[in-house]
Amino acid sequence: MEERKIAIQVTDLEKVYKLYDKPSDRLKEALGLTKKKKYKEHHALDRVNMTVYQGETVGIIGTNGSGKSTILKIITGVLNPTEGQVRVNGRISALLELGAGFHMEYNGIENIYLNGTMIGFSEKEIDEKLDSILAFADIGDYVYQPVKTYSSGMFVRLAFAVAINIEPEILIVDEALSVGDVFFQAKCYQKFEEFKKMGKTILFVSHDLSSISKYCDRVVLLNQGIKLGEGPPGRMIDVYKRVLVGQYQVNEDRDGGLPDDREQPGAAAAVGSVNPELLEYGTRAAYISEYYITDEAGLHTTAIVKGQRFTIHMRVEFAEDVPAPIFAFTVKNVKGTEITGTNTMIEKAFLEPVRAGERKEISFSQLMSLQGGEYLLSFGVTGYEQDRFQVYHRLYDVVNLTVISDKDTVGYYDMGTTVTVSDGKVQTADRGGAEGQ
């Protein structure tokens, strides 16, 4: 078996910032006027290890302040690490935060040449690429204006056009794409697909979890400078959602460790294939004790025929008083992209307090419009307590849902289109409604 070639190797990476209470403390220390420690240390990155192989698309996710942008800046050479090493094999093109690498007083053309020469291209090589860069950016005569006059949308158009048209071996993209309009984003993601097919390496940071799920082969999860784990996109996105509500526990293995999912026994599915590695968490003030699916005849099943009605059921037990529980389900595809779902708050179906010891049976009935294929079903019981969001119990990807179809349209679901084809003849009628003679 051929050994995979490494594009980016990050080893024991640390980035520590000194935080001073006041500027005079920084000055005293710089001048050697004090021996007392006048600062607090903030670990933006704390012994992070990561390997990206050639041809991979790897996503980095995490909350604000988790170290995502810091690690990209160190990899691209914008920042120096405090400790640790970074090895890069291949020419990098990076699209970091808005404005990085651009001179505000220069116009668009001048900045294209500035960026190209910084990466190592000759003026002649940039001349050859200029037309394709301008065509992709599509900002018209603004390219002759100083970039300080650009809107954020024009800025990101030009920056991305430069980044992808200089033929990098490694493309690194931060959140910047979220600035562009929807049509430009679509064009950028189409370019991502082309890069993947060409075997390019992509390192991608985004809060858009759908894009992370769709484009990434693997995902790294950071939190407060620590790597919590890495793995398939769907799995890591589920763990990230757990981090967002503050309900996770890190295993001893900091670099491979995922939150400990073995908290309590899970709910029971009446029929169907249950995920043996289900992810569940929550305070369990309320918990899901049973879940299942029935078809339009009321039979328990996990296989539904497209076009038929079906019902998703869940039973919830209450161990404590809950002021206003919200019951929810979500359907994902096998890549982890959320396709559809709803909850009782959205549907305005139940907005009442529940007492400890009570039980609720919830059913969601709908028409199956998804395309034929395999899907995963998740459940949740959440709520708000004094404006604070609480997760009482969540079960991710717990049961398989199969959709049986003999006609699949384009995309995720079928709109139930009615098609009419006529011979093109125009039928006329007089104003009185009689047929024309």
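Let's start at Glu167, which sits in the loop between helix 5 and strand 6 (170-173). Helices here are DSSP runs of H or I with at least four residues, strands are runs of E with at least two, and both are numbered from the N terminus. This is a predicted model, where local features need pLDDT of at least 70 and side-chain atom pairs count only at pLDDT 80 or more, while totals for chains, interfaces and linings use all residues. Residues are numbered from 1 along each chain as its sequence is written, and side-chain values use heavy atoms, with hydrogens and water left out.

Who does Glu167 meet? Leaving aside residues up to four places away in sequence, Glu167 touches Arg91, Lys129 and Lys200, where a contact means heavy atoms within 4.5 Å. Ile92 is 75 residues from Glu167 in sequence, yet the two are 9.2 Å apart in space, C-alpha to C-alpha.

Now step back to the whole protein. The model has eight helices and 19 strands. Of its 437 residues, 45% are buried; buried means under 20% relative accessible area, exposed means over 50%, and partly exposed is in between (1.4 Å probe, protein chains only). Take the contacts with a separation of 6 or more: residues 24 or more positions apart account for 69% of them. The accessible surface comes to about 23400 Å², and 49% of that belongs to carbon and sulfur atoms. These areas come from the Shrake-Rupley method with a 1.4 Å probe, and for residues only the protein chains shown count as cover.

Next, the rings. A search of the whole structure turns up 14 aromatic pairs. Rings of Phe, Tyr and Trp (its six-membered ring) pair if their centres lie within 6.5 Å; planes under 30 degrees apart count as stacked, over 60 as edge-to-face and the rest as tilted. Phe136 and Phe160 have ring centres 6.0 Å apart and planes at 35°, so this pair is tilted. Phe136 lies in helix 4 (residues 123-137) and Phe160 in helix 5 (residues 152-165), so the pair ties together parts that are 24 residues apart in sequence. Both Phe136 and Phe160 are buried.

Tyr189 and Phe204 make an edge-to-face pair, 6.4 Å centre to centre with 75° between the planes. Here Tyr189 in helix 6 (residues 182-197) is linked to Phe204 in strand 7 (residues 201-205), 15 residues apart. Tyr189 is buried, with a relative accessible area of 10%, and Phe204 counts as buried too, at 2%. Ring pairs join Phe136, Phe160, Tyr189, Phe192, Phe204 and Tyr215 into a cluster.

How do helix 5 and helix 6 lie relative to each other? Two packed helices are described by the angle between their axes and the distance between the axes. For helix 5 and helix 6, the axes come within 12 Å and cross at roughly 10°. Axes are lines fitted to C-alpha atoms, for helices over the stretch in contact, and angles run from 0 to 180 degrees between N-to-C directions. Helix 5 and helix 6 are therefore roughly parallel to each other; that label covers angles under 35 degrees, with over 145 being roughly antiparallel, 65 to 115 roughly perpendicular and the rest oblique. On the helix 5 side, Val156, Arg157, Phe160 and Ile164 meet Phe184, Cys188, Lys191, Phe192 and Phe195 in helix 6.

Not counting residues up to four places away in sequence, Phe195 touches Ile164, Pro168, Leu171, Lys200 and Ile202. The charged end of Lys200 sits over the ring of Phe195, 6.0 Å from its centre. A charge sits over a ring if NZ of Lys or CZ of Arg is within 6 Å of the ring centre and within 35 degrees of the ring normal. Elsewhere, Arg4 lies over the face of Tyr53, at 4.2 Å from the ring centre.

Arg47, in strand 2 (residues 39-53), has a positive phi near 50° without being a glycine, and is partly exposed at 38% relative accessible area. Gln386, also not a glycine, has a positive phi of about 55°. Gln386 is found in the loop between strand 18 (373-385) and strand 19 (388-404), and counts as exposed at 81% relative accessibility.
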